[in-house]
Structures are given as structure tokens and as C-alpha cells.
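Colleague: Could you take a close look at one part of this model for me, the strand pairing, and walk me through how it connects to the rest? I would be glad of one connected account.

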Amino acid sequence: MKIRKIVLLIQTIILFLLISVFSFGQTGDSTIVKMKKSNEDWKMQLTPLQFNILRESGTERPFTGKYENHFESGKYYCAACGNFLFSSDKKYHSGCGWPSFSDIESKENIVILEDTSLGMIRTEVRCAKCDGHLGHLFKDGPPPAGLRYCINSAALRFIPAK
Ligand SMILES: [Zn+2]
């Protein structure tokens with residue numbers, strides 16, 4: 001009788017463990033923890049230009065951003081939440097007036113949306129963590145993918161490689 005009870009107990013523990021692992025796997029599809037702040041909080045943290053771009057989907061004037069002609073080796077993070085977005089080895093000179101990247105670093109960190117504002121159909125690029133507007137995606141980039149992630153300098157924070 002005693003052994004049967006122990007076996008039953010072990011079976012229950014195994015079942016419990018399996019259920020927790022399974023439910024963790026279901027909610028653990030993305031490792032991104034969303035950051036939510038009020039507009040007042042963002043206004044306190046960001047410059048007016050950063051707020052206009054990141055929270056109001058604005059665009060900086062072409063050829064004015066600090067990273068447009070910047071080709072140091074390092075990583076680019078979201079200026080609002082610090083999420084890792086782009087790497088300098090995918091940055092290239094497109095001549096369009098904004099920092100251009102041929103690829104992202106992780107599909108988890110970026111959200112791609114259809115943007116129909118201004119009477120155009122464009123593809124919007126957002127930060128997956130804070131939902132901040134970063135720029136747009138165009139299909140005139142270099143091979144092999146042919147993509148151009150056209151990103152506002154003010155939405156980025158560059159940290160040089162050591
Ligand atoms: Zn962000």
C-alpha cells in the first residue's frame with residue numbers, strides 16, 4: 001500500500017511538472033517584456049523630436065539625423081527603451097537621408113506593420129518592447145534580401161563596440 005501511495009505521489013508531481021513546462025512554453029514564445037508608459041512619462045524622458053518620432057510616428061528631416069552618415073562599429077538600441085534593434089554591420093549608405101539597414105538583428109525585437117497614413121501604403125517599423133515608431137521598411141535595399149530599413153536617427157541610441 002505504501003509503495004502505491006509513493007508511486008501515485010510521484011506520478012502527480014511529474015504531471016504537475018509537465019503542465020507547468022507546457023504552459024510556460026505557451027506564454028514564453030517571446031522573451032520581450034513590453035514596456036508601457038503614459039505619454040506624460042515619455043515626454044519627461046524623451047526630447048521633443050524623439051517624442052514626435054517615437055510616440056507620434058513623426059519623421060526627422062532627411063540628412064539631419066546624427067546617424068545618417070555614421071559608420072562606426074557598434075550596436076543601435078531603441079532611444080526610448082534600450083531594446084537592441086540594429087547592428088552596424090548591416091548599416092549601409094543608401095543616400096536616402098536617413099540611417100539605412102539591410103536587416104534586423106532579431107525578429108522578436110521589431111514589429112512590422114502596414115501604415116496607410118499620408119495616403120500611401122508603407123510598411124512601418126516599430127520597437128517590439130515599447131511600441132515606439134522607428135521608421136519604415138522599403139524593398140529597394142541591397143541584395144540578397146533587397147530590404148532597406150529606413151530608421152530615424154532620433155529613435156536610435158548608438159553604443160560603440162569595445
Ligand atoms: Zn523601444
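**The strands and the core**

Modeller: Happy to! Strand 6 pairs with strand 7 (residues 133-138) through four bridges, and the two run antiparallel. Bear in mind that this is a predicted model. Within this pair, Glu 124 has His 136 in strand 7 as its bridge partner. The two strands make a hairpin with five residues between them, where Asp 131 has a positive phi near 65°.

Strand 6 (residues 122-127) also pairs with strand 5 (residues 110-115), again in the antiparallel sense, over six bridges. Here Asp 115 is placed opposite Arg 122 of strand 6. This pair is a hairpin too, with six residues between the strands, and Leu 118 in the turn shows a positive phi of about 60°.

Phe 138 counts as partly exposed because it has 16 C-beta neighbours inside 10 Å, whereas a buried residue would need 20 or more. Not counting residues up to four places away in sequence, Phe 138 touches Arg 148 and Cys 150. Its C-alpha atom is separated by 5.1 Å from that of Arg 148, ten residues apart along the chain.

Three strands form an open sheet in the order 2-1-9, with antiparallel pairing. Strand 2 (84-87) and strand 9 (156-160) are the edge strands, each pairing on one side only. From one strand to the next, the twist averages 30°. Strand 1 (residues 74-78) is joined to strand 2 by three bridges, and these strands run antiparallel; Tyr 76 has Phe 86 in strand 2 as its bridge partner.

In soluble globular proteins, nonpolar side chains tend to be buried together. The largest nonpolar core in this model has 25 residues, and Leu 85, Ile 151 and Ala 155 have the most contacts inside it. Helix 3 (48-54), strand 1, strand 2, strand 6, strand 7 and strand 8 (148-151) each supply at least two of its residues. Strand 8 gives the most, with three residues.

Note on methods: Residues are numbered from 1 along each chain as its sequence is written. This is a predicted model: local features need pLDDT of at least 70, side-chain atom pairs count only at pLDDT 80 or more; totals for chains, interfaces and linings use all residues. Two strands pair if DSSP finds at least two bridges between them. Axes are lines fitted to C-alpha atoms, for helices over the stretch in contact, and angles run from 0 to 180 degrees between N-to-C directions. A nonpolar core is a set of buried Ala, Val, Leu, Ile, Met, Phe, Trp, Tyr and Cys residues joined through C-beta atoms within 7 Å. A residue is buried if 20 or more other C-beta atoms lie within 10 Å of its own, exposed if 12 or fewer, and partly exposed in between; C-beta atoms are placed from the backbone. Two residues are in contact if their C-beta atoms, placed from the backbone, lie within 7 Å.
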